[in-house]
Amino acid sequence: MSGDGGRYDPVRLEVYRNLFTSVAEEMGVALQRSAYSPNIKERRDFSCALFDCAGRLIAQGDHMPVHLGSMPASVSAALADLDLRKGEMALLNDPFRGGTHLPDMTLVSPLHVAGSGRPEFYLANRAHHSDVGGMSAGSMPLATEIYQEGLRLPPVRFIKGGEPDRDLMSVILANVRTPEERVGDLMAQVAANRVGERRLAALVERHGLDEVAAYGRHLIDYAARLMADLIGGIPDGSYGFTDYLDDDGITSEPVPIVAAITIAGRLARIDFGGSAPQVAGPVNAVEAITRSAVLYAFRCLLSPGAPANDGCYQPLEIIAPEGTVVNARPPASVAGGNVETSQRIVDVLFGALAGALPDRIPAASSGTMNNLTFGGKDPRTGNSFAYYETIAGGMGARPGRDGLSGVHTHMTNSLNTPIEALELALPVMMSRYTLRRGTGGDGRQRGGDGIVREYRFLADAEVTLLADRRRLAPWGLAGGRPGASGRDLLTRAGQVETLPGKFRRQVASGDVLTIETPGGGGWGSKDT
């Protein structure tokens with residue numbers, strides 16, 4: 001069956017959902033196995049997806065929510081700027097052209113079916129590079145403008161005639177601290193797209209272009225109906241919530257994020273009016289990030305088997321006023337908007353939805369990715385090193401179930417870097433790694449505990465932390481208690497110093513940095 005018009009075979013639709021998803025998943029396996037950096041190889045800080053000829057998302061792997069919801073904007077930017085031919089791939093990381101923050105490099109390639117004059121599909125992957133230049137090792141600085149954050153690339157042709165553009169590669173490598181690792185990770189991204197091209201081409205060869213393209217469209221339409229049905233089951237009305245980032249890393253003022261969700265039949269309007277103007281520090285989010293967080297929050301309410309594609313956006317109207325912390329304009333610094341503000345946007349959306357669906361919404365999770373970067377000169381090799389990781393925390397308790405402990409939640413779906421891999425690759429020793437017992441909020445269901453991760457540096461290094469929920473704790477819900485706030489300590493020559501959630505410091509060999517992450521909020525009162 002070719003899927004003529006709006007008709008399709010439901011069984012075949014499910015088969016195609018899994019076929020398309022398997023293409024993205026196999027791309028991810030190739031990327032992970034080929035990558036050089038621990039951040040991609042061990043933590044899986046990457047995402048892969050496939051798109052139709054118009055750049056609409058058809059399917060994605062089970063990768064990073066913050067990447068996947070925003071990647072369509074990068075693909076659209078690449079298609080607007082470049083006429084990609086067979087054997088070419090576009091590279092970009094510009095947050096104001098659909099990117100997230102500068103370390104996230106997106107690679108887009110076309111699939112030309114034999115005899116067609118234009119691409120019929122596109123493959124894309126996004127990977128977080130441990131360094132793309134800028135004022136701090138790891139490219140997650142306490143910057144006040146994007147120019148300080150690293151190399152910024154609009155959509156450019158990276159692969160031409162099947163080979164990397166040597167001039168562009170030279171420019172990239174001249175601006176990073178770890179060029180060998182960057183080459184390895186970039187070429188792993190190229191390999192992933194080529195795997196996707198082969199798998200999707202084989203699918204077209206087996207079933208025919210008309211059928212494959214038609215079922216891509218049907219999946220998008222199906223996802224739109226599922227999302228509209230979900231919204232139709234939410235009571236009509238307006239539901240609002242306000243939450244805060246601790247600060248922007250430059251000043252000590254809390255940063256409010258406001259959302260009003262209006263449900264009218266099978267449509268939802270999400271308005272972020274009233275959120276803070278864009279700030280001096282690096283917690284500004286671009287519009288693609290805000291849209292990604294909205295999609296994630298609503299998709300959490302769908303059944304796990306529902307397709308995740310462009311159709312999910314269709315019943316959602318998102319209003320993110322320009323010039324605010326949820327839709328910043330150049331030259332705002334944005335490194336933390338992708339990782340911290342996205343988490344708080346989810347907290348705000350769930351807080352609002354709790355007014356409509358009190359028996360389905362969890363308490364706040366740790367609310368931060370605890371982004372740690374450090375770099376310097378490795379005394380073992382004499383080479384520069386740069387490292388990035390996120391650190392897990394506690395999950396918020398759910399109606400009827402406790403929160404999980406020591407997990408990455410919401411907009412991140414990464415793993416931890418194993419101690420063995422970390423110590424092998426870098427001049428650092430993990431002196432402590434354990435759950436932070438008792439930090440989950442109390443309640444009928446208890447929030448998950450955070451963790452303690454302690455680093456003993458074996459070389460002088462520059463360290464940057466972008467984290468939150470150090471002052472304003474993750475909230476409980478339905479009478480549950482808040483989770484514990486996070487804490488950061490630096491031990492030097494026997495003296496212990498408490499550090500803020502966002503800092504940049506020089507450390508010496510022998511210094512010990514302790515990161516204690518927040519617990520999740522509790523759910524429900526024990527008295528009821």
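Start by selecting helix H2 (38-41), helix H6 (179-207), strand S13 (384-389) and helix H10 (419-425): each of them gives at least two residues to the lining of the second largest pocket. Helices (H or I, at least four residues) and strands (E, at least two) are DSSP runs, numbered from the N terminus. Before moving on, note that this is a predicted model, where local features need pLDDT of at least 70, side-chain atom pairs count only at pLDDT 80 or more, and totals for chains, interfaces and linings use all residues. Residues are numbered from 1 along each chain as its sequence is written, and side-chain values use heavy atoms, with hydrogens and water left out.

Now color S13, which supplies the largest share of that lining, 4 residues. The pocket holds about 520 Å³. Here a pocket is an open set of points on a 1 Å grid over the protein atoms alone, where a 1.4 Å probe fits, with protein on both sides within 12 Å along at least five of seven lines; lining residues have an atom within 4 Å of a point. Points are joined across faces, edges and corners, and a volume is the space filled by probe spheres set on them.

Next stop: the largest pocket, with a volume of about 1100 Å³. Which residues are closest to its centre? Pick Asp62, Pro65, Tyr296, Arg299 and Cys300, out of 39 lining residues. Then show H1 (10-34), S2 (57-60), H3 (65-68) and H8 (287-299), the elements giving two or more residues to this lining. H8 brings the largest share, 4 residues.
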